[in-house]
Amino acid sequence: MNLQNAVVEGVVVVLVVGWIVYRQTQWQVLDPMRMWRGPIILGVVGVLQMKTVLASNTLGGAAVGLLVLSAVLSLGVGLAMGSVSQVRWMDGKWQARTGWLGSLLWLVLLAVRIGVEVCARSVGAGVVASVGAILLMLALNRAGRGVVLARRAGLSRMVAAD
């Protein structure tokens, strides 16, 4: 990779992370359908990607351990993000925002994820660094956050009533 590509990729990463942090600090309507659509799509695409990766790679003990560690951390941070999110009832709808603390948790998760990938590559567990694994971890994070927000806003009762 040359320097120009690295700079472009770095700028894109900073812009995407900045956009996500900005969105997490803004009030958004808690729509049960929309809240679960993202984690489901990310999870399905992640599983399909993992199937492709696993077809050509073996899954050793180190890879399994790192995948489990990543999954637990992703879900835990998602649950914590949901817990620290602000929830309000406005204009007849539940709204939530993750806020700066939740965004900080998410950035810590990204940093840990990068560390896990470095560790995985060093022990020959490249499966952990695959796009599918990353999408599954993101799906778990979003699902954990969604579970807590749905519970806090009473959306589980709203879904059951439909």
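## A buried loop residue

Thr25 has a relative accessible area of 10% and is therefore classed as buried (buried means under 20% relative accessible area, exposed over 50%, and partly exposed in between, with a 1.4 Å probe and protein chains only). Thr25 is placed in the loop between H1 and strand S1 (28-29). Helices (H or I, at least four residues) and strands (E, at least two) are DSSP runs, numbered from the N terminus.

The side chain of Thr25 comes to 2.7 Å from the backbone oxygen of Tyr22. When neighbours within four places in sequence are left aside, Arg97, Gly99, Trp100 and Ser103 are in contact with Thr25, where contact means heavy atoms within 4.5 Å.

## Basis of the model

The model is predicted, so local features need pLDDT of at least 70 and side-chain atom pairs count only at pLDDT 80 or more, whereas totals for chains, interfaces and linings use all residues. Residues are numbered from 1 along each chain as its sequence is written, and side-chain values use heavy atoms, with hydrogens and water left out.

## Overall architecture

The secondary structure consists of six helices and three strands, which follow the order α-β-α-α-β-β-α-α-α from the N terminus. Along the principal axes, the C-alpha atoms occupy a box of roughly 50 × 35 × 20 Å.

Of the 162 residues, 33% are buried. Among contacts with a separation of 6 or more, 80% involve residues 24 or more positions apart. The protein exposes about 9,600 Å², of which carbon and sulfur atoms supply 69%; the areas come from the Shrake-Rupley method with a 1.4 Å probe, and for residues only the protein chains shown count as cover.

Helix H3 covers residues 61-84, and its 24 residues should span 34 Å at 1.5 Å a residue; the end C-alpha atoms are 34 Å apart, which agrees. The expected span is 1.5 Å times one less than the number of residues.

The buried residues of H3 are Ala63, Leu66, Leu67, Ser70, Ser74, Val77, Gly78, Met81 and Gly82. Their packing partners are helix H1 (3-24), helix H2 (32-56), helix H4 (99-122) and helix H5 (131-153).

The structure holds one salt bridge, defined as a side-chain nitrogen of Lys or Arg within 4 Å of a carboxyl oxygen of Asp or Glu. The side chains of Glu117 and Arg113 form this pair, at 3.5 Å from N to O.

Both Glu117 and Arg113 belong to helix H4, four residues apart, or about one turn of the helix. An α-helix has 3.6 residues a turn, so residues three or four places apart point the same way. Glu117 and Arg113 are both buried.

## The sheet and an exposed turn residue

The three strands make an open sheet with the order S1-S3-S2 and antiparallel pairing. S1 and S2 are at the edges with a single partner strand each, so one side of each has no neighbour in the sheet. Two bridges connect S1 with S3, and DSSP must find at least two bridges for strands to count as paired. Val29 is opposite Gln95 in S3.

Asp91 is located in the loop between strand S2 (86-90) and strand S3 (93-97). Although not a glycine, Asp91 has a positive phi of about 55 degrees. Asp91 has a relative accessible area of 72% and is therefore exposed.

Note on methods. Polar contact = N/O pair within 3.5 Å; in protein donor to acceptor, adjacent residues only side chain to side chain.
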